Each structure stands twice: as C-alpha cells, then as structure tokens.
Amino acid sequence: MEGKGIELNIGPVHPATHGVLKLVADIEADTVKNAEVEIGFLHRGKEKTAELRYFNSYFPIVDKLDYVGALNWEILWASTVEKAMNIETNERVKYIRTIMAEMQRIMSHLVYIGAFGQDLGNLTFFVWALRERELLMDIVEEISGGRLAPMYNRVGGVFYDFTDGIVEKIDSALLRIEEKVKKEYKAMTYENSLFMMRSKGIGIMSQKIIKDNGVTGPNMRAGGIKRDLRKDEPYLAYDKVDFDIITEEESDVYARFMVRIREILESIKIIRQLLKSIPEGDVKISTPWIMKVPPGYTFVRHEMSKGEGAMFLVTDGGLKPYRLKIRSPSFYSLQALPLILEGCKVADAFAITASIDPVMGEVDR
Amino acid sequence: MSEFIDSLIKISPKSLKISDDKVAVELADKKKLLKVCEKIKRKFDILFMLVVVDRPPNFELNYIFSKYEGKDTFILRTIIKHEDTIDSITKIFPSADWEEREAYDLFGIKFEGHHNLKRILLPEDWPGHPLRKDFVITDEVKNWTGLDLKF
C-alpha cells in the first residue's frame, strides 16, 4: 500500500495489552512505522500518599505497586526504613525474606509466562501457568494470611513465623513446578516449533537500546549483560547461596522468555539451599508501630522480578516521610518499547509488548 | 569511587563540593550541569533515577547515576529556585527522558532542550503539580472530569 498509513490506538482497555497500557502506532500496510507509549492510566499518587502516612502504614500501599510481585516491594520498603533507622534485623528474618522474595519471583515469572501465552493466542498456557502459581499462592496464604497483597513485612521483621510443616509443603510445590517447567512447558513453549516461529528474531533490543534507556533485570540479561544485584550487591541472605546469573545472547522475544524460564529453576535452587540452613530466632524485633525516623537520605535498591527497583527516602525527623521516590524497573523497559517496536508486524507487536513484562501498577505508581 | 569524586572536584573546585550528608556531590552553578555530566558519562552508563525534593522556595534535584558493571552509584545534587529552568541531560544520558518528563509533570520543573517535554502520568489538562508541598486541592481539582480532553 502506497501513501499515508493509519494511526492505530491499542489500549488502554484492549484485551491484548497488559493492564492499562496505551500504544499509539503509525501503521503502513502491516508494519509498525512508529509507536508511542502512553502511560498514567493507573496513576494513584503513591509517592504523594507516602508523605501522608506513617512508615508502617505504607506497607499496604507498596503491595499494590507491582501486584504480581508484592512481596519484593514490601521487602524493599522494609529494608529502606530499616536502613534509615539503622536497625539490623535477625538472621532468621533475612532468610525468611529471601525465601519469600524468591517464591514471589517464581510467581511473577509464571504470570509472565501465562500472560505471554495468552498474547500469542494460546490460552491453555495461561491456565497451566496459573495452576502452578496457585501452589505457591497457597503457601503464601498459609504463612501470611494474604494472597495477592500479603501485608507480611513490617519494619524490623515479619509478622508471622513459618508455620509447622511448611518446609515440606514448599519442597513438594517446588518439585512439582520444576517438573512442569522442565517437561510440559518445554513441549508447549520453548521447544515447540510454532512457539519458536512466533518469538524468534523479533523485537531485538540491542545493547545500545538497553544502555540508553536504563533497562535492567531479565530484559537486560537477555541481551547478554551479566548483571544481577543479588550477586553484585548482595543483600538479605543472597551472599550465602550459590546460584548463577542467567544470560542469553540473542536479545529477542524468545531470549527474554528463556531467561524467565531458566530463572524460575535458579530461584528453586536458591530456596532449596535456604530451607536447609534456615537459622532459629525471633522473626521481629520490637519497634513501635508509629515511630520517628532520623533525618537524612536513604537509597536502597533490590533486584525485583522485573529489574532493579529502588527507593530514595528523604526524612526530616518526623513521623512520616518527607519525600519518597520509587524507581520502577518496568518504567524504563517501557521507555525502550517504541524503539523495539519500530518496523515489526502488527501481530508481533503484542508479543513484543508482552515480552518486556510491563506491570502498570508499578509504572504509573 | 572516592578517587573519582576527588578527581571530579579537582576539575571544578568552585562549582562542586561534597554535601553535608557526605553521600552526594553538590553542584553550585547549575549552568555547569552539562559539563559535569559529560565527565560523569565517562564512568557511569545511565541515569538510574532523578529524585526531586521540594523544599520551598527551592527544588533539590538528586541525579543518581549507575553503571552496568559493579555496584557503584553516584549522586549529584543541585538546587534551583521554583521558577528556574534547568538544562536537560537527555542528550548525554538518554535514560533521563521519561524521568525529566515526570519531574515536569509532578513538580513543574522546565527542562531546557528536552525534545518532548509534556506530561507523562497525569492528563494534559490537569490543574497544578501535585507533588509540590504547596499543592492544595482546589475546586478546580475536585471538579476535574477530564471531559475537556480532545481525543
């Protein structure tokens, strides 16, 4: 087709987009010439809310940042306030938090895998991934009482200790997930020729795009950059476990998918090591619910399931934060999205968008 | 890391000094921002985040830089008046693109030389900049419906 193309609005409520992401694409024939990302549809003013709440009362708000990776953000917020107050948590708390963070990472990656299958038109896969996720959700529910937004952490520790017999339950859940990922998922996705046709060689994110836009996490590791905060800047109990940083070279949609699959297996490895050596002790130290935090600046970053998340907390010695800035990893991945959408087919655009794993809750904040 | 900070301060001792909290390097002359950033670019890859803190009548801008190898980060702090503008660093650190738009959106800071400075999180006709300390919920905010937007 010669001449002017058309402008296609995708989203914010298009069923094939993730959450409320809006894409405005200039299309000629079947090719995306230019795409613009519009965000902000889920903006709830979380940074402003932080200035109005006590430090411990902010946990429920952090839960809804990345609603498929809530525990990761809870732990980051708890670590930030603890660092600002100069509190050192017990060893047991560090282990429990690491185990919970890794379980959340597996759950988050499973949602990614499921949503990705759905975007390719394979609904079976969505149901399968959620089936495995449910095993871990039940465990989180048994420990914390919550599922999607567990509200499990507090400043100085966690609310509840592990329940009796939970270690065996985690073990059997991990065994099942490992078996499914290695067999069923393999047949359905990463060694399935149809799946490979749909995902190989599209949406290539070069190292220049990654470095220009500050992309981190699995999206970056799929481009061959070997970096992981769990290894480079160990926090919690990550210095006590042995694991590999997963990298792929191709940096296409398939590579980004593979990184997640292999990271699930790596997380299982981490949890198993931790469960064997978890120390005894209290799960919280006594801190007042409403407390003053000494004035200053605190900067903490952790490896989230989607990349490097960080919090910059400014305190003035009062009961509430003076300013809190949240760095969302998906925010930066989305910044790179128009660049990798250029020149792709419209049908591939959905696969590419799904492959960078945007969660709008943390992008819009 | 401290060597890098020392070398940076040696280059322009007048405009740079270590801040009182000893975590950031303060930039006194905001016109030197681009020059300093060019030097930082030699050691750091990305703008990790841009934290604006409103301390009326000033804004405090904390530029946090990071790199893809190792765990080093570096904070550059500069203070501007509410009505001042500041140079955009997107030409040196492209990852600052959306961060600067966000700062413009929520605080109303104008970045000179930014190629696409418009609101990012809030609708285009939203009244005011909500993360400012002097932001009050007026009738205009309460009655805002978004129906004036042209689609």
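Which element supplies the largest share of the lining of the second largest cavity? In this predicted model, that share comes from α3(B), which gives 5 residues. The second largest cavity is lined by residues of chain A as well as chain B, among them A:Lys325 and B:Glu99, and these two residues also form a salt bridge.

- The volume of the second largest cavity is about 30 Å³, and the structure holds 2 cavities of 30 Å³ or more.
- From chain A the lining takes A:Arg323 and A:Lys325, while from chain B it takes B:Leu50, B:Val52, B:Glu99, B:Glu102, B:Ala103, B:Leu106 and B:Phe107.
- The elements that each supply at least two residues of this lining are β8 (323-327) of chain A and, on the side of chain B, β3 (46-55) and α3 (97-107).

**The largest cavity**

- The largest cavity holds about 50 Å³ of space, and its lining is made up of A:Asn72, A:Ile75, A:Ala101, A:Arg105, A:Tyr235, A:Leu236, A:Tyr238, A:His302, A:Glu303 and A:Met304.
- At least two lining residues of the largest cavity come from each of α3 (70-85), α4 (91-119) and β6 (296-304) of chain A, and β6(A) has the largest share, with 3 residues.
- The class division for the largest cavity is 6 nonpolar, 2 polar and 2 charged residues.

**The second largest pocket**

- The second largest pocket contains about 440 Å³ of space, and among the 17 residues that line it, those closest to its centre are A:Ser79, A:Lys83, A:Tyr235, A:Val300 and A:His302.
- A:Tyr235 and A:His302, which are named among these residues closest to the centre of the pocket, also belong to the lining of the largest cavity.
- The pocket draws at least two lining residues from each of α3, α4 and β6 of chain A, elements that each supply at least two residues to the largest cavity as well.
- With 4 residues, β6(A) gives the most to the lining of the second largest pocket, and by class this lining has 6 nonpolar, 4 polar and 7 charged residues.

**The interface of chain B and chain A**

- Contact between the chains involves 42 residues of chain B and 38 residues of chain A, and the area buried between them is about 3400 Å², with carbon and sulfur atoms giving 59% of that area.
- On the side of chain B, the residues that lose the most area to chain A are B:Phe48, B:Tyr68 and B:Trp98, which together account for 25% of what that side buries.
- There are 5 salt bridges between chain B and chain A, including the one that joins B:Glu99 to A:Lys325, where the closest N and O atoms are 2.9 Å apart.
- Across the interface, 21 residue pairs are found in polar contact, counting pairs in which both residues are at pLDDT 80 or more.
- The side of chain B that touches chain A takes at least two residues from each of β3, β4 (58-66), β5 (73-81) and α3 of chain B, and the most come from β3(B), with 10 residues.
- By class, that side of chain B comprises 21 nonpolar, 5 polar and 16 charged residues.

How values were computed. Residues are numbered from 1 along each chain as its sequence is written. Chains are lettered from A and ligands numbered from 1 in the order in which they are written. This is a predicted model: local features need pLDDT of at least 70, side-chain atom pairs count only at pLDDT 80 or more; totals for chains, interfaces and linings use all residues. Side-chain values use heavy atoms; hydrogens and water are left out. On a 1 Å grid over the protein atoms alone, a cavity is a set of points where a 1.4 Å probe fits but cannot get out, and a pocket is an open set with protein on both sides within 12 Å along at least five of seven lines; lining residues have an atom within 4 Å of a point. Grid points are joined across faces, edges and corners, and a volume is the space filled by probe spheres set on the points. Ala, Val, Leu, Ile, Met, Phe, Trp, Tyr, Cys and Pro count as nonpolar, Asp, Glu, Lys and Arg as charged, and the others, Gly among them, as polar. Contact means heavy atoms within 4.5 Å. Buried area is the accessible area (1.4 Å probe) that two parts lose on being put together, summed over both. A salt bridge is a side-chain nitrogen of Lys or Arg within 4 Å of a carboxyl oxygen of Asp or Glu. A polar contact is a pair of N or O atoms within 3.5 Å; within protein, one must be able to donate a hydrogen and the other to accept it, and residues adjacent in sequence count only if both atoms are side-chain atoms.
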